[in-house]
Structures are given as C-alpha cells and as structure tokens.
Amino acid sequence: MKHLIDPTDLSVSEIDSILNLALDIIDDKDKYSEACKGKKLATLFFEPSTRTRLSFEAAMMELGGNVLGFSSADSSSATKGESVGDTVKVVSCYADIIAMRHPKEGAPMYGAMVSDVPVINAGDGGHNHPTQTLTDLLTIKREKGRLDNFTIGLCGDLKFGRTVHSLIKALSRYENIKFILISPKELRVPEYIISEVFEKNNIEYKEVRTMEEVMSELDIIYMTRVQKERFFNEADYVRLKDTYILDMDKLKTAKKDLSILHPLPRVNEISISVDNDPRACYFRQAMNGKFVRMALMLTLLKDNNCKLNLPEDKLAKIGKMGGAD
Amino acid sequence: MKIDSIQNGIVLDHITAGRALRVYHDLELDKLDCSVAILQNVKSNKMGKKDILKIDKEYDINLDVLGYIDPNISVSIIKDGQTVEKKKLALPHKLINIKKCKNPRCITSTEQEIAHIFTLTDEENRIYRCIYCEADK
C-alpha cells in the first residue's frame, strides 16, 4: 500500500511525473472529469483548514468522485476519546483514499500504518505538508517553465513554517538553485536544514534580515505567515507579526519577471495592493493546488490497483508512485 | 563472594559497573520464574570493576535492548554447564518500545498503545530519530 506522508517520499522523477500529469489535467480537463466515478475521498481534518480541505474535495469532485469526512476534531468521534488509529481504520472501510490533517506530528504516518487505503498527509502540526510542496513546485514550473537555475527568497517564519522546510528539501534536489533566507533571528530556519540540506549538499544559501537588501536578486519570493498558533508566548507573536510585509514600495527594485508565492492564508504580510500586479502568483498557486491533488490522487489510486474510468492514453500518463509503503 | 555457575541459561558479563539494575529492569527479568543473580562491582582486569547478571533459564533475550543500553556487554549462552554460544551485540538500527519520544507535539504523546519506534541515524553519536515526528534523541 502506497501513501504520501513526507515530501521526500517522492523521487525527483516521481514528482516530475505528478506535475506532468497535473499539466495534462489542466490542458484536457474534460477527459478526466469521470476518472474517479464511484470513488470516495475521506477528508479527516482534526484541525481547521480552508484551502487544503476544499482543494482536496474540489479535486475529487472534478474527477467525478464523491467526498465524505469531517472538518474539525469536534465533529468527529475524537471528542468521545476515539484514537486516531481507530478512526482511520473505520474510515478506510468506507473510502477509497484518505486525506488527513492532524495537529500532532506523525499522525498521518500512524494513520498510514493502520489504513487499508492510501493516506495522504494534508499537514501534521509543524512537521510536513507534502501536497503544499507539490502545489509550490507546480506553480514554479508553470510560472518559470523550469524547476532549476533560479534564486528563491524565503521570507517570514522560517522556523515553524512547515511549507518552507518541505519546499527547501524538495528544491534542494534540483540543479543550481540559490536560497536566500529572509527572517528575524527568532524565526530562522532550523539548524538541521542548514547542516543536513544546504551544507551537506553544498548548496548556495545566505541568511539576511530584510527583503529590501536582496529583492533585486530574486527570481521567486516565497512569503509566509507568522502563525499565531505556533507560538507559546503571545507577546512574541505580537512583536514579530508585522515584521515582514511585502508592498509595492518594496517591489520597486524587484525583477520584472519575479514570481510572488504564498501558501495562504495571508494575514497582512502581502499588501492587497500587490494582488493586481502580474507578478503575484498566490491565487494561481491556490488553483494549482487543486490540479496537483487531482494528479496525486489518480497516481495513488492507480498504484493501489483501483480501477479508474479513463481512456488508455490518459491512463498511460499516470506514473508509478514511490511513496511510503 | 562466590556465586555458583549455572547449568542452562544466560550470563551477561562486562556490564558497566552500576548498570546491572537497569539491564535487569529493561529486560524485565523480574517477570522470569527462575533464579537471577545480580553481581555488582565485580573486580575486572579489563574494566577495573564491572557488573554481571546470571539467568538460570534458557530464554529468548532481547538483544536490541541490550545493544541499546551497552553494546559492549558479553552475552554467553550456557548449556549443560558449558558456554555453547557467544552473541555479539551492536547498536540496533531500530528501537521498538525501548524508549519514548519526548516531543510533546508527537502523535505518540497522545495516542494510546502506539508503538514507539526510532531508527538509528548517527551511529557514532548514538542518535535515534522518531519515525513519526522525526525528532532526534
């Protein structure tokens, strides 16, 4: 049984295969509209989410399948004290595939160990969020036409931001990418990312405190929210939350073809005035999230021998899955 | 002080002095229905002093627990009063329910009866990583 728990479960060629399938879905939506007819996705969201849950649900609906599930632990049997393991075992009796978000790190991994159907990690605390990473990669591929040879600035909460950690790990496997880490010292990227990803693989990186000093160098800027729920101390949150706000003034020195990404939700770290600038990609990025989840679910379902309602030429476009067993 | 040699069982020798009781507890030897001798601070040419455990019963010993506590412990299997096998210990690649993850954000902190599983990531520094939250211990 294959699952997707950690973004590094996937090799570069497997990622490329999922992204290429997503591009084919974008180009030829009608051909995929009945692909999952009769199939059911269960969304087990023990923690609130808007984009991720709705994009999973929209993805399954656009593939012609159905959706069941819950959107917070309060509306599940977790309130009665049911374990995560039991919840997943029961739901895997009803659904063909599960997307699971949980505040505890490793919960989807445990879910995958007890499930009879594929489990997709839709975010586990501050740990992993592999479908956001796939979304980010598809966005870069569509905006830049490539996944190599660029300078990316990662800005904001680089300490607790799971999307940042996953994206760094995924991009570190492509050629000639320079990373610029823009954060206050309190929210620097964890030491293990520096030592195990950048230094171990001899990847060029630098850490700076302001985005203005590096703006002209960037091909991509990836903005993140300073998340209140990741702080133990509210005073620290209040002190830091407005530190890094991108506005039209700061974009004056930016390249004409800069791509501005953000995993969303945004609070105020990107001024609304930036939204109409063609360099703002974050709403297109949210759209890409749906397409890449369609591609991922098709790949997992096919790999787990689910019969898909697709013509042979489209079935042939679905690659093998190398995710966690 | 003299302790009789055993006829059929296991001798754990070269235990670092002071660690015998931990080995006794972690191997759950208190649950065995046989004689177990704990010798502490025994004179040793090699170690200065050491601890020894003698278990007077043939028993499927958990070598991963022993390897994790101290890979230098000597394990001798005794049959009819003779040493028939010496087992070599190594730092185990996987620990299952031998230690617990201390990360309060880890699923193991709330899920009942979940197996605590770690994999060895750095042999030299004896670093194990929780398979769920990937915290190093």
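Helices (H or I, at least four residues) and strands (E, at least two) are DSSP runs, numbered from the N terminus. This is a predicted model, in which local features need pLDDT of at least 70 and side-chain atom pairs count only at pLDDT 80 or more, while totals for chains, interfaces and linings use all residues. Residues are numbered from 1 along each chain as its sequence is written, and chains are lettered from A and ligands numbered from 1 in the order in which they are written.

**Exercise 1. State how many helices and strands chain B has, and give their order.**

Solution. Step 1: chain B holds 2 helices and 8 strands. Step 2: read from the N terminus, its elements follow the order β-α-β-β-α-β-β-β-β-β. Step 3: along the principal axes, the C-alpha atoms of chain B fill a box of roughly 50 × 30 × 25 Å.

**Exercise 2. Describe the burial and the contacts of chain B.**

Solution. Step 1: a residue is buried if 20 or more other C-beta atoms lie within 10 Å of its own, exposed if 12 or fewer, and partly exposed in between, with C-beta atoms placed from the backbone. Of the 137 residues in chain B, 23% are buried. Step 2: two residues are in contact if their C-beta atoms, placed from the backbone, lie within 7 Å. Among the contacts in chain B with a separation of 6 or more, 57% are between residues 24 or more positions apart.

**Exercise 3. Locate the domains of chain B and find which strands pair within the chain.**

Solution. Step 1: domain bounds come from an automatic or database domain assignment. For chain B they give domain 1 (9-88) and domain 2 (94-130), and the centres of these two domains, taken over C-alpha atoms, are separated by 25 Å.

Step 2: two strands pair if DSSP finds at least two bridges between them. Strand S1 (residues 9-16) of chain B is joined to strand S4 (residues 74-79) of chain B by 5 bridges, and the two run antiparallel. In this region Ile10(B) stands opposite Ile77(B) in S4(B). S1(B) also pairs with strand S3 (residues 48-55) of chain B over 5 bridges in the antiparallel sense, and Leu12(B) stands opposite Leu53(B) in S3(B).

Step 3: an open sheet of 3 strands in chain B has the order S6-S7-S8, with antiparallel pairing. Strand S6 (94-96) and S8 of chain B each have a single partner strand and stand at the edges, so one side of each is left without a neighbour in the sheet. S7(B) and S8(B) are joined by 4 bridges, and Asp122(B) has Ile127(B) in S8(B) as its bridge partner.

**Exercise 4. Examine the loop residue Arg126(B): what is its phi, and is it buried or exposed?**

Solution. Step 1: Arg126(B) lies in the loop between strand S7 (117-122) and strand S8 (127-130) of chain B. Step 2: its phi is near 55°, a positive value in a residue other than glycine. Step 3: Arg126(B) is exposed, because 12 other C-beta atoms lie within 10 Å.

**Exercise 5. Identify the buried residues of helix H3 in chain A and what covers them.**

Solution. Step 1: in helix H3 (residues 84-91) of chain A, the buried residues are Val84(A), Thr87(A), Val88(A) and Val91(A). Step 2: they lie on the same side of H3(A), because they cover an arc of only 95° around the axis; the arc is that of the directions from the helix axis to the C-beta atoms. Step 3: an α-helix has 3.6 residues a turn, so residues three or four places apart point the same way. Step 4: the cover of the buried residues of H3(A) includes strand S1 (40-45), strand S3 (97-102) and helix H4 (107-114) of chain A.

**Exercise 6. Describe the two domains of chain A and the contact between them.**

Solution. Step 1: the assignment for chain A gives domain 1 (7-128 + 289-315) and domain 2 (130-284). Step 2: their C-alpha centres lie 26 Å apart. Step 3: the contact takes 20 residues from domain 1 of chain A and 17 residues from domain 2 of chain A. Step 4: on the side of domain 1 of chain A that touches domain 2 of chain A, helix H1 (12-27), strand S4 (119-124) and H9 of chain A each supply at least two residues.

**Exercise 7. Examine Pro265(A) and Asn305(A) in the loops of chain A.**

Solution. Step 1: Pro265(A) is found in the loop between strand S9 (259-261) and helix H9 (282-303) of chain A. The peptide bond from Leu264(A) to Pro265(A) is cis, with omega near 10°. Step 2: Asn305(A) is found in the loop between H9 and helix H10 (312-315) of chain A. Its phi is near 60°, a positive value in a residue other than glycine. Asn305(A) is exposed, with 6 other C-beta atoms within 10 Å.
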